[in-house]
Amino acid sequence: MSETKPKSSQRFHSLNTEQVEVLHQVLSEVVPIHGRGNFPTLELRPRDIIIAVRARLQKQGITVRDVRLNGSTASHVLVRDNGTTYKDLDIIFGVELPSQEEFQVIKESVLGCLLDCLPAGVNRERISSATMKEAYVQKMVKVFNEHDRWSLISLSNNSGKNLELKFVSVLRRQFEFSVDSFQIILDRLLESYICLTPPVESSSSVPQVLAESMYGDFEAAMDHLRYRLIATRNPEEIRGGGLLKYSNLLVRDYRPASETQIKTLERYMCSRFFIDFPDVQEQQRKILSYLKNHFIGEERSKYQYLMTLRRVVDDSTVCLMGHERRQTLNMITVLALKVLGEQNIIPNTDHVTCFYQPAPYLAEHSTPYIAEPSYCNYFIPQGASTLLYQPYPLHLHTQ
């Protein structure tokens, strides 16, 4: 799906005073980094850890081009009146990574900053970087190839509000959809903190903070964010095709910006997803990981999400053989039923026709249920208040 590329000047926008105030609040809010075992919780302000990491990287000889706030947090800063919320704080350090040796320097720098944040009285000399990694890092990723050179260090937070530090030298694709394409350049605001200058005192003292839309057209992306519209470019370039994020946007009452293009986009999303995750076990692991990371505290939305995902896969998958397609649909259905069982919810079956009586749904038991293949097919009429469409047989039993 190619479109005319916007001029570079259309990519940028200067934040107004209110937006800078919100940004200041986000960067100044204390975020707990929970330690495992006997390690204490670290109470950190994002701005402090960002400044400390940047300074340590520069001291170690790594060039830092700029520091940016990315993703849903940047969207929250730009538009709050449409109910935009955020969980993870995604910080991007633009760095030079000529070789893989720099990854080790980055890791040691971040862990060293965390070590400095331990409470007074702790014998830091006896704590290794490996121990700090085990105690405070939830996820660590590094990618180094011809087209992508970046690393990610995600710091643990038990409520899902992870502080994610990403170090990017080269990254082909920096967004999935227009509504998550915003990056706010933090350097001028960080300098005001270092110089102890209040960032928001009067309109004349507010530092100029620029935001960029990686989608290309800043105003178009802002309209999509304000009115909860789904738009993207070339979803076949996104790892996983953006399929899981797209289904999440649908569940959160976003709607396609173009009804005429969305079916084509859905087919591209599905095709890329099944290229990247061709095995049904891989697909299941990816979906479960997405649920774990994006639905903390929203357990009751998981079923709706899975059935939305199932509908998109069912409607728009053209790249799989019949039996592969049925396997995937069956796997998603089983996950949806397991979610219901874990929540001890009896689905509404008023409008469901069953061509073989299913085993009873044992609502009186509080233990979770696992769905496995057996001998029942479900059919859901168009537009019905539905449970599921099950192309493979299904049986429910207690664990």
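Okay, let's start with aspartate 148: leaving out residues up to four places away in sequence, aspartate 148 touches Val143, Val170, Leu171 and Arg172. Keep in mind that this is a predicted model. Where does aspartate 148 lie? You'll find aspartate 148 in the loop between strand 6 (137-144) and strand 7 (149-155). Its relative accessibility is 8%, so aspartate 148 counts as buried.

Two of those partners deserve a second look. Valine 170 is 22 residues from aspartate 148 in sequence, yet C-alpha to C-alpha the two are 5.1 Å apart in space. And then arginine 172: its backbone nitrogen sits 3.0 Å from a polar atom of the aspartate 148 side chain.

Stepping back for a second to the whole protein. There are 399 residues, and 48% of them count as buried. The secondary structure comes to 12 helices and 16 strands. If you take contacts between residues at least 6 apart in sequence, 69% of them join residues at least 24 apart.

Next up is another acidic residue, glutamate 212, which is in strand 10 (residues 210-213). Buried or exposed? Glutamate 212 has a relative accessible area of 7%, which means buried, given that the cut-off is under 20%. What does the side chain of glutamate 212 pair with? With the side chain of arginine 68, through a polar contact of 2.6 Å. Ignoring neighbours within four places in sequence, the contacts of glutamate 212 include Arg11, Phe12 and Phe218. Ser181, Phe182 and Gln183 are also among them.

Arginine 228 isn't a glycine, but it has a positive phi of about 55°. Arginine 228 is in the loop between helix 7 (218-226) and strand 11 (229-230). With 22% relative accessibility, arginine 228 counts as partly exposed. Asparagine 234 also has a positive phi without being a glycine, this time near 45°. Look for asparagine 234 in the loop between strand 11 and helix 8 (243-251). Its relative accessible area is 18%, so asparagine 234 is buried.

Take helix 11 (residues 302-316) and helix 12 (residues 322-342). Their axes come within 9 Å and cross at roughly 170°, so helix 11 and helix 12 are roughly antiparallel to each other. The crossing is left-handed. On the helix 11 side, the residues that meet helix 12 include Tyr303, Leu306, Met307, Leu309 and Val313. From helix 12, Leu329, Ile332, Leu335, Ala336 and Val339 are among the residues involved. What's the make-up of the contact by class? For helix 11 with helix 12, we have 11 nonpolar, 2 polar and 4 charged residues.

The other pair is helix 2 (residues 46-59) with helix 4 (residues 101-116). These pack at an angle of about 135°, with their axes 9 Å apart. By class, the contact of helix 2 with helix 4 has 8 nonpolar, 2 polar and 2 charged residues.

That's my tour, thanks.

Conventions. Residues numbered from 1 in each chain as written. Predicted model: local features only at pLDDT ≥ 70, side-chain atom pairs only at ≥ 80, totals over all residues. Heavy atoms only, no water. Axes fitted to C-alpha atoms, helices over the stretch in contact; angles between N-to-C directions. Helix = DSSP H or I, 4+ residues; strand = E, 2+ residues; numbered from the N terminus. Parallel < 35°, antiparallel > 145°, perpendicular 65-115°, else oblique. Left-handed = near helix turned anticlockwise from the far one by under 90°. Contact = heavy atoms within 4.5 Å. Nonpolar A, V, L, I, M, F, W, Y, C, P; charged D, E, K, R; others polar. Buried < 20%, exposed > 50% of the residue type's maximum accessible area, 1.4 Å probe, protein only. Polar contact = N/O pair within 3.5 Å; in protein donor to acceptor, adjacent residues only side chain to side chain.
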